[in-house]
Amino acid sequence: MPLPEDIQQLICISSYTRFDNLAHGPQGTQAKYGMYTYLLDPDDGQLLLLSVDSQPIMNPAFSRFNPNKNLLYTCTESVRENGQIVTYSVDYRTGKLTQIASFDAQGTSTCYITLDLECKHILIVNYWDASLKVIRLDEQGLPEELVGNYEPNAGKQMVAKDTLHVNHSRNDLEAQKERQADYHSHAIVLDSTFGRVAYVPDLGKDVIWQFRYDPAAGSLTPAGSVPSGPPGRAALGPRYLQFHPKLHVAYVINELSCEVSVFAFDAEQAKILADTAADVPTLNLIQTVLTVPDGFPTSLNTCGRIAVHAGGDFVLAANRGHDSIAVFKVDHESEPPGQLELIDIQHTRGRTPRHFKFDISGQWLVAANQDTDSLNVFHFNTGTGQLNWTGHTYHVPSPNFVEVIKAKGLAKKVRSQ
């Protein structure tokens, strides 16, 4: 079936195909196929399944779309085998994904991919061994060569074993102790001003590591760290970081403490860090807010995704255990600006919302409920921040990630083909 000529986006879902080699313990259904592509109706948010990738792939997880090359990079997740960066071409006429390359991530439980500003490198995070990699892309956008490498363990043996470890979905004291016995990098995000300072939330050490990033060489150089929450606190577990699109503010979601930490981003200090050898702090904590109701035990929950709405007025955070999405309003007039007020918590109509994402309009949100094998679509009021379930639910085994493939110039492509 050819797509409509005016389509603007495709929705790609990753699913876990094997449970025994994951750090956490999915409770849904092991998927036979790993990648699903949907068309989203911009009028009512309904999804139409277009394609299922039948090519072999083990535990596809985090995905990143390269809009310059119309390529999708997807990493595979395992605590025992090295991750792979699988590159897909996208057939805009049918929504079909085709594997065209695979590159060794040279680390285990690969969990994050970032494109640098010029789309000449991808920066990779391997959660289990905490290693960071920078991979140069060739002229076609395919991973070509490993050019940057940072390994915080420096060859030391990890405390946790890949063959015997606690379920990383747990959040009791025993699980926290083991999860924080080792380094566990969880994301790598470049500053939104220069693209030359990389931030790495380390779930195991309760800090945000800073790195100088050289976009010409693709190198990473350690440049200090910032605690991911209030001084003296433990078991925070920073997972993701996202910058505000307009304000000099960064939001960090702490997986274990079930909190969002709000940081003022110091652009002047970031420039000093990028240009000199001075390891100066560039993030200053200004607020910490809870993502679940005050009476709900955080030991029954872990946080997942955090997203700043494109309009800059709202921040959303996923709760796995409470099975909800918390909506915060951004105060542009606070001092410092960017502080948050909780205005809504909406149940995701399924268990363990491992990921969610807005469509390109910012009005539709697709939540991937990992442990109930379901996608649920919500309407988001961009004026009030109200999140309402549309009633649209779709069966997908063990969904873990939602990526939006923005079809810039898609109508022209479809007409010409």
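This note walks through some features of the structure above, point by point.

1. **Ground rules.** This is a predicted model, in which local features need pLDDT of at least 70 and side-chain atom pairs count only at pLDDT 80 or more, while totals for chains, interfaces and linings use all residues. Residues are numbered from 1 along each chain as its sequence is written, and side-chain values use heavy atoms, leaving out hydrogens and water.

2. **Ser63.** Let's begin in strand β4 (residues 60-66), where Ser63 lies; strands are DSSP runs of E with at least two residues, numbered from the N terminus. Is Ser63 buried or exposed? Ser63 is buried, because its relative accessible area is 1%, and buried means under 20%, exposed over 50% and partly exposed in between, with a 1.4 Å probe and protein chains only. The side chains of Ser63 and Thr74 are joined by a polar contact of 2.8 Å. Such a contact is a pair of N or O atoms within 3.5 Å; within protein, one must be able to donate a hydrogen and the other to accept it, and residues adjacent in sequence count only if both atoms are side-chain atoms. Neighbours within four places in sequence aside, the residues in contact with Ser63 (heavy atoms within 4.5 Å) include Ser14, Met35, Phe401 and Glu403.

3. **Aromatic rings.** The whole structure holds 10 aromatic pairs. Rings of Phe, Tyr and Trp (its six-membered ring) pair if their centres lie within 6.5 Å; planes under 30 degrees apart count as stacked, over 60 as edge-to-face and the rest as tilted. One of the pairs is Tyr112 with Tyr240, tilted, with 5.7 Å from centre to centre and 50° between the planes. Tyr112 belongs to strand β8 (residues 110-115) and Tyr240 to strand β16 (residues 238-243), so this pair ties together parts that are 128 residues apart in sequence. Both Tyr112 and Tyr240 are buried. Ring pairs also link these two with Phe62 and Phe401 into a cluster.

4. **Charges over rings.** Have a look at Lys205, which lies over the face of Tyr183 at 5.0 Å from the ring centre. Arg305 has its charged end over the ring of Phe356, 5.6 Å from the centre. The rule here asks for NZ of Lys or CZ of Arg within 6 Å of the ring centre and within 35 degrees of the ring normal.

5. **The nonpolar core.** How many residues does the largest nonpolar core have? The count is 73, and Ile85 and Tyr251 have the most contacts inside this core. Strand β17 (residues 249-254) gives the largest share, 5 residues. A nonpolar core is a set of buried Ala, Val, Leu, Ile, Met, Phe, Trp, Tyr and Cys residues joined through side-chain atoms within 4.5 Å.

6. Most residues other than glycine have a negative phi, and most peptide bonds are trans. Yet the bond from Glu335 to Pro336 is cis, with omega near -5°, and Pro336 lies in the loop between β22 (324-331) and β23 (339-347). Asn70, in the loop between β4 and β5 (71-76), has a positive phi of about 55° although it is not a glycine. Ser109, in the loop between β7 (97-108) and β8, also has a positive phi, near 55°. Asn70 is buried at 17% relative accessible area, and Ser109 is buried at 2%.

7. **Salt bridges.** The count comes to 17 salt bridges, each being a side-chain nitrogen of Lys or Arg within 4 Å of a carboxyl oxygen of Asp or Glu. Arg80 is partly exposed at 38%, as is Asp20 at 43%. A network of salt bridges links Arg18, Asp20, Arg80 and Glu81.

8. **Around Glu259.** Arg233 makes a salt bridge with Glu259, the closest N and O atoms being 2.9 Å apart. Arg233 is in the loop between β15 (219-227) and β16, and Glu259 is in strand β18, so the pair ties together parts that are 26 residues apart in sequence. Arg233 is partly exposed at 37%, whereas Glu259 is buried at 10%. The side chain of Glu259 also has a polar contact of 2.9 Å with that of Ser257. Ser257 is buried at 9%, and among the residues that Ser257 touches is Arg233.

Terms used: Helices (H or I, at least four residues) and strands (E, at least two) are DSSP runs, numbered from the N terminus.
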